[in-house]
Amino acid sequence: MHGKTVQGKTWTRRRFMASTAALTTVALAAPHVRGAHAAGKLSLGLWDHWVPGANAAATAVINEWAAKERVEVTIDFIPSQGNKNLLTIAAEAQAKSGHDILAMPTWWPHAHAEQLEPCNDIMTQLIAENGQVNGTVQYLGKLGDKWLGVPSTIGSQIKGPVARLDLMKQHAGIDIQAMYPAGAAPKADTWNMETYAKAAEACSKAGFAFGVGLGETTDSVDTAGAFFHAFGAALVDAKGEVTVKSDAVRQALEYGARVAKFYPQDAPAWDDSSNNKWIVSGRGAMVMNPPSAWAVAKRDAPQVAQQLWHHGFPSGPKGRYAPFLPYFWNIWSFSQNKAAAKSVLVHMSTAAAAAKFVEASGGYDIPSFEKFLTFKTWAEAEPPKGTLYHYPNPHNHQTLSIAAAPAPPKIAQQIYAQATLTKMIVRHMQGEAIDRTLAWAESEVEGFLRG
């Protein structure tokens, strides 16, 4: 969620999306094209960014390429409100017609893998130039040896902890800035599961509970996934074998239910706007969110924004994990101009282009290439200055993950979409015996495998 004040009104992400949904097509007639369609036409369907100005930055970068290559380009900015982007993906896949390039979030490249043009040639080039991509991008972006697309800077995000500096220090005795200093590597060896649990309890008792959802939407699922990973817990392994009743899953579930008791009482009913509202209202000491909650606070509650700091997840027995949700730019196999499509994706994946996207999004968007994680936007963001420095994981301090991995993506997508992890936590937290919760989860997962 993100707010923008215009003429005395506060524009939420939803209102902004609703008001612009009908105005999402931009036709680019490259200004220096000589003759009609000198190098053909190209159509792109990109995610309609909720940050004002972000779409304009994408348009400018693509227009720059179009002028040089003499291509007539059309861009449709497709909102995720009402799942319009997912409906567009499904409709074009069925019709085998539509955009040459279409932006797809997380699981969707795998869902349509057979209809996507391989991007191995340009990904080999981009990795050589820009550095390696993280494991979650490889997990979601490849099928076997085939690259299904190119990781998009636009829309990719980490949902890490956003803490109130004052409340954490006052009630939990934790100096977040000392652990995650601006401009320097983390000093967070003591930021572990036990420290987190004690801090959650202390802040809850003081009336400032951690705003962590236990609902069925993505923010809740992503957070639960990071905690499960920290215990090495997976419901299904990479081979597709059910591993629900493992010691690791049992430990993760016991811990999740233990700390959940310190979250707001209505956390099982939370959606993706609830944590934003919680921290902006001043009632919370921490949420798990990209900089959208902080951006809203800057406009609606500046006294709260001045105390917010983005940092890493607590570490568990198997490491420190944070939820990373990448977007991808994908080329349909039925594209009419694959050469131009690959050319523009290379252009959109340069350091200069990525820096423009990051700046235009206010630091929300994160490139996947390792050389692109230290742009000045994150270091200079304020208030307080440096609050976003650690947001893109510049020191590779934590493993970027997605809930339900390493299960085969088509199975993991069902575990994710059905919110199996958060449902397990809620069931056990509300008093169901752990063995019954595990049996229920095993039955659910076996149903996904049969399906």
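This is a predicted model: local features need pLDDT of at least 70, side-chain atom pairs count only at pLDDT 80 or more; totals for chains, interfaces and linings use all residues.
Local features require pLDDT of at least 70 and side-chain atom pairs pLDDT 80 or more, while totals for chains, interfaces and linings use all residues. Residues are numbered from 1 along each chain as its sequence is written, and side-chain values use heavy atoms, with hydrogens and water left out.

The largest nonpolar core comprises 142 residues, a core being a set of buried Ala, Val, Leu, Ile, Met, Phe, Trp, Tyr and Cys residues joined through side-chain atoms within 4.5 Å. Buried denotes under 20% relative accessible area, exposed over 50%, and partly exposed in between (1.4 Å probe, protein chains only). Leu44, Met168, Tyr196, Phe210 and Trp329 have the most contacts inside this core. Another core, of 10 residues, lies apart from it and includes Ile78, Ile89, Met104 and Phe334.

Beyond its neighbours within four places in sequence, Leu44 is in contact with residues including Ile62, Val73, His99, Val344 and Met348; contact means heavy atoms within 4.5 Å.

The lining of the second largest pocket has 8 nonpolar, 9 polar and 1 charged residues. Nonpolar here covers Ala, Val, Leu, Ile, Met, Phe, Trp, Tyr, Cys and Pro, charged covers Asp, Glu, Lys and Arg, and polar the others, Gly among them.

Lys410 is exposed, because its relative accessibility is 53%. Lys410 touches His110 and Ala111, residues up to four places away in sequence not being counted.
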